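User: I am new to reading protein models and would like to understand the words used for them. Could you take me through this one, setting each value against its definition?

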Amino acid sequence: MLAVHFDEPGGPENLYLKEVAKPSPVEGEVLLKVAASALNRADLLQRQGRYAPPPGASSILGLEASGHIAELGPACQGHWKIGDPAMVLLPGGGQAQYVTVPEELLMPIPAGLTLSQAAAIPEAWLTAFQLLHLLGNVQAGDSVLIHAGASGVGTAAIQLARMAGAIPLVTAGSQHKLQMAEKLGAAAGFNYKEEDFSEATLKFTKGAGVNLILDCIGGSYWEKNVNCLALDGRWILYGLMGGTDISGPLFSKLLFKRGSLITTLLRSRDKKYKQTLVEAFTEHILPHFSTKSPQRLLPVLDRVYPVTAIQEAHAYMESNQNVGKIVLQLPR
C-alpha cells in the first residue's frame with residue numbers, strides 16, 4: 001500500500017509517498033480502507049522529530065481517518081460488516097491506504113456527510129468533547145475561552161459549548177478567523193495580535209472572568225490566562241504551541257483564584273479510555289451531525305488535498321492560515 005513517509009526529521013519537503021506493507025488485523029481489529037485522513041499539529045511535530053508515536057502505534061502519520069471496512073480480524077464481536085463506512089480515532093497510521101483499528105474505536109458516519117467531512121471529525125471533535133465534558137465539566141451558563149478558535153478543535157469546541165448552553169469566547173489571529181468563529185456561535189472573538197485578550201475577556205464578563213479555558217498555547221499565555229480566569233475556574237492545557245517555559249508567580253496567582261490547572265493528551269491514552277470516550281461521543285453527539293438534526297453540528301473543512309500534495313498540505317498548516325481542518329484524500 002502507499003503511505004506518507006519521511007526518512008529524516010525536518011521540513012515538509014522531506015515527505016513523500018512510499019510503498020509499505022499492508023497491515024493485517026489481529027484479534028478484535030478491523031482493516032479500514034482509507035478514503036480520507038486529516039492533518040493535525042501532532043503530524044507536524046512528529047515530522048519534525050519532536051513527537052514520537054506512543055509505544056506500539058504505527059509510525060505512519062495520521063491520527064484520524066474515514067473509509068470502508070475491508071476485512072474483519074479474528075474474534076470481532078461487533079455489528080460491523082465488510083463494506084461498511086466508518087470513521088476512526090487513531091494513535092497513528094491514518095495517512096495510508098489501509099489502517100488496522102480496534103473495532104470498539106470505530107464510529108458510524110452520520111447521514112449526509114461525505115467521507116472527507118467524516119475524516120475531519122474524530123481527533124478534533126473527540127478532543128473538544130473530552131476537554132469540555134470529561135475534564136472541564138462544562139455547565140449551562142459557563143463562559144468558555146477557546147484559544148485557536150478557528151482551528152479544528154476550536155471550531156468543534158465552539159459548537160459543543162453552545163450545545164451545552166455555555167457561552168464560547170475565542171482568540172484568533174485574523175478578522176477572517178474571528179468572523180468564522182462568530183458564525184459558528186462564538187459570543188465574542190479577540191484578535192490576540194491587536195488586543196490583550198485577557199482584558200477583553202474581563203470586560204466581556206463584566207470583571208468576573210471565564211469559568212473554563214481551553215488552551216493549546218501554553219507558556220506565552222499563562223499570565224493572561226490566570227488573569228482572566230474566574231474564581232474556581234478550570235484551565236485545561238492540551239498543547240504547547242506558545243512554548244513550554246514560564247517565568248513568574250503562576251502558583252500564587254492560581255491559588256488566589258482557587259483555580260484548577262488540568263493537563264491532557266488524547267493520543268497517548270489507553271484503549272479503554274478511548275473506547276469510553278468514543279461510546280459517549282457516539283451516543284450523545286454523533287446524532288447531531290445528521291442532516292435531520294435541528295441542532296446540526298458541522299465539521300469545518302478549510303482545504304482538501306490529494307495525498308500526493310502532502311508537502312503542500314503540511315506547509316499550509318504551518319502557515320497558520322487555515323480555518324478548520326485540512327483533509328487528505330487517499331487514492332482508491
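Analyst: What follows is a set of questions and answers about the terms used for this structure. This is a predicted model, in which local features need pLDDT of at least 70 and side-chain atom pairs count only at pLDDT 80 or more, while totals for chains, interfaces and linings use all residues. Residues are numbered from 1 along each chain as its sequence is written, and side-chain values use heavy atoms, with hydrogens and water left out.

User: What makes the protein as compact as a globular protein of its length?

Analyst: The protein has 10 helices and 15 strands, where helices (H or I, at least four residues) and strands (E, at least two) are DSSP runs, numbered from the N terminus. Its radius of gyration is 20 Å, close to the 20 Å that the globule rule gives for 332 residues, so the protein is as compact as a globular protein of that length. The radius is taken over C-alpha atoms, and the globule rule is 2.2 Å times the number of residues to the power 0.38. Along its principal axes the C-alpha trace spans about 55 × 45 × 35 Å.

User: How many of the 14 residues of helix α3 are buried, and what does that word require?

Analyst: Buried means under 20% relative accessible area, exposed means over 50%, and partly exposed lies in between (1.4 Å probe, protein chains only). Among the buried ones are W125, L126, F129 and L132. In the protein, buried residues make up 54% of the 332 residues.

User: Why is the pair E318 and R47 called a salt bridge?

Analyst: A salt bridge is a side-chain nitrogen of Lys or Arg within 4 Å of a carboxyl oxygen of Asp or Glu. The closest N and O atoms of E318 and R47 are 2.4 Å apart, and the pair therefore meets that rule. E318 lies in helix α10 (residues 310–318) and R47 in helix α1 (residues 41–47), so the pair ties together parts that are 271 residues apart in sequence. E318 is partly exposed, with a relative accessible area of 32%, whereas R47 counts as buried at 1%.

User: How many salt bridges does this rule give, and which others can you show me?

Analyst: By this rule the count comes to 6 salt bridges. One of them joins D232 to R258, with the closest N and O atoms 2.8 Å apart. This pair links distant parts of the chain, since D232 is in strand β12 (residues 229–237) and R258 is in the loop between α8 (250–256) and β13 (260–263), 26 residues apart. D232 counts as partly exposed at 42% relative accessibility, and R258 counts as partly exposed at 48%. Another salt bridge is formed by D302 and R303, whose closest N and O atoms are 3.9 Å apart. D302 is partly exposed at 25%, and R303 is partly exposed at 37%.

User: Is R234 buried or exposed, and what does its side chain reach?

Analyst: R234 is in strand β12, and at 17% relative accessibility R234 counts as buried. Its side chain reaches the backbone oxygen of G136 at 2.7 Å. Leaving aside its neighbours within four places in sequence, R234 is in contact (heavy atoms within 4.5 Å) with residues including G136, N137, D142, N211 and S260.

User: What does UniProt list for residues 10–328?

Analyst: In an unreviewed entry, UniProt lists residues 10–328 as "domain: Enoyl reductase (ER)"; positions are given in the numbering used here, feature names are shortened, and annotations may be inferred rather than shown by experiment. In the model this span is 29% helix and 25% strand, and its end C-alpha atoms lie 20 Å apart.

Conventions: A polar contact is a pair of N or O atoms within 3.5 Å; within protein, one must be able to donate a hydrogen and the other to accept it, and residues adjacent in sequence count only if both atoms are side-chain atoms.
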